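Subject: Structure for your files

Hello,

Here is the structure I said I would send. Please open it alongside this message; the notes on what was found come after it.

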Amino acid sequence: MDIGRKLKELRLQNDLTLGDLASRSELTKGFLSQVERNLTTPSIATLEDILEALGSSLSEFFREEEEKQIVFQTQDFFVDEQEDYQIEWIVPNAQKNQMEPIILTLHPHRKSHVLQAFQGQEFGYVLKGNVTIVQGSKKYKVRTRETFYLDGSKSHYLYNHGSSDARILWITTPPMF
């Protein structure tokens, strides 16, 4: 762990100058500068004083954050094949996130499951084919390379009125699929 770099990041997050931190921790600006540049290492007691002045603690400071997966490959996807459609969850366990992207393959003359009204928003990008958003008595056609964006205040579904599969990147926030 790069203690000096981490201390500097924490100081900057708190919008403090070296002088501010020196005053709060009763240490010299020169000493803190050396610590941040890893030219010297503070004792545990001194590190506790610095962290207290930064509103943190030893346990918080040394807690290692779990490395989060950023890139997902096709072998990470989960595929659910239904009679009318196929859903590919392209970000595993996305229900714990603020949004959930899927790729929906909608078979010809079939409809997706109905999304009941919810407090959230949706975005879709038609990768292939043509679909219709059916929302009550209203219908909206969306063609290849077109997008849709709607709030979830009304129940709705997608219908593939074409003669070949349609593929849609569909994202909801919060997760709904």
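Setting aside neighbours within four places in sequence, Met176 is in contact with Glu100, Leu115 and Phe118, where contact means heavy atoms within 4.5 Å. Met176 is located in the segment after strand 9 (166–173). Helices (H or I, at least four residues) and strands (E, at least two) are DSSP runs, numbered from the N terminus. Met176 counts as partly exposed because its relative accessibility is 31%; buried means under 20% relative accessible area, exposed over 50%, and partly exposed in between (1.4 Å probe, protein chains only). Between Met176 and Gln116 there are 9.3 Å in space, C-alpha to C-alpha, although the two are 60 residues apart in sequence.

Before the rest, some notes on the source. This is a predicted model, in which local features need pLDDT of at least 70 and side-chain atom pairs count only at pLDDT 80 or more, while totals for chains, interfaces and linings use all residues. Residues are numbered from 1 along each chain as its sequence is written, and side-chain values use heavy atoms, with hydrogens and water left out.

The segment after strand 9 also holds Pro174. The peptide bond from Thr173 to Pro174 is cis, and its omega is near -5°.

Another residue to look at is Tyr125, in strand 4 (residues 121–128). Tyr125 has 26% relative accessibility and therefore counts as partly exposed. Not counting residues up to four places away in sequence, Tyr125 touches Arg145, Glu146, Thr147, Arg167, Ile168 and Leu169. Tyr125 and Ile102 are 23 residues apart in sequence, and their C-alpha atoms are 11 Å apart in space.

Now the helices. Two packed helices are described by the angle between their axes and the distance between the axes. Here axes are lines fitted to C-alpha atoms, for helices over the stretch in contact, and angles run from 0 to 180 degrees between N-to-C directions.

The axes of helix 2 (residues 18–25) and helix 3 (residues 29–36) cross at roughly 110° and come within 9 Å. Helix 2 is therefore roughly perpendicular to helix 3 (angles under 35 degrees count as roughly parallel, over 145 as roughly antiparallel, 65 to 115 as roughly perpendicular and the rest as oblique). The crossing of helix 2 past helix 3 is right-handed; a crossing is right-handed if the near helix is turned clockwise from the far one by less than a right angle, and left-handed if anticlockwise. Helix 2 contributes Leu18, Gly19, Leu21, Ala22 and Ser25 to the contact, and helix 3 contributes Lys29, Leu32, Ser33 and Glu36. By class, these residues are 4 nonpolar, 3 polar and 2 charged (Ala, Val, Leu, Ile, Met, Phe, Trp, Tyr, Cys and Pro count as nonpolar, Asp, Glu, Lys and Arg as charged, and the others, Gly among them, as polar).

Helix 2 also packs with helix 4, at an angle of about 115° and with the axes 9 Å apart. That makes helix 2 roughly perpendicular to helix 4. This crossing too is right-handed. Leu21, Arg24 and Ser25 of helix 2 meet Asp49, Ile50 and Ala53 of helix 4, a set of 3 nonpolar, 1 polar and 2 charged residues.

In helix 4 (residues 44–53), the buried residues are Thr46, Leu47, Ile50, Leu51 and Ala53. They lie on the same side of helix 4, because they cover an arc of only 160° around the axis; the arc is that of the directions from the helix axis to the C-beta atoms. Ile44 and Glu52, on the other side of helix 4, are exposed. The buried residues of helix 4 pack against helix 1 (3–13), helix 2, helix 3 and helix 5 (58–62).

Helix 1 has Gly4, Leu7, Leu10 and Arg11 as its buried residues. Their arc around the axis is only 130°, which puts them on the same side of helix 1. They pack against helix 2, helix 3, helix 4 and helix 5.

Last, some backbone angles. Glu26, in the loop between helix 2 and helix 3, has a positive phi of about 60° although it is not a glycine. Glu26 is exposed, with a relative accessible area of 73%. Asn38, in the loop between helix 3 and helix 4, is not a glycine either and has a positive phi of about 60°. Asp15 follows helix 1 and has a positive phi near 55°. Gly55 follows helix 4, with a positive phi near 75°.

Regards
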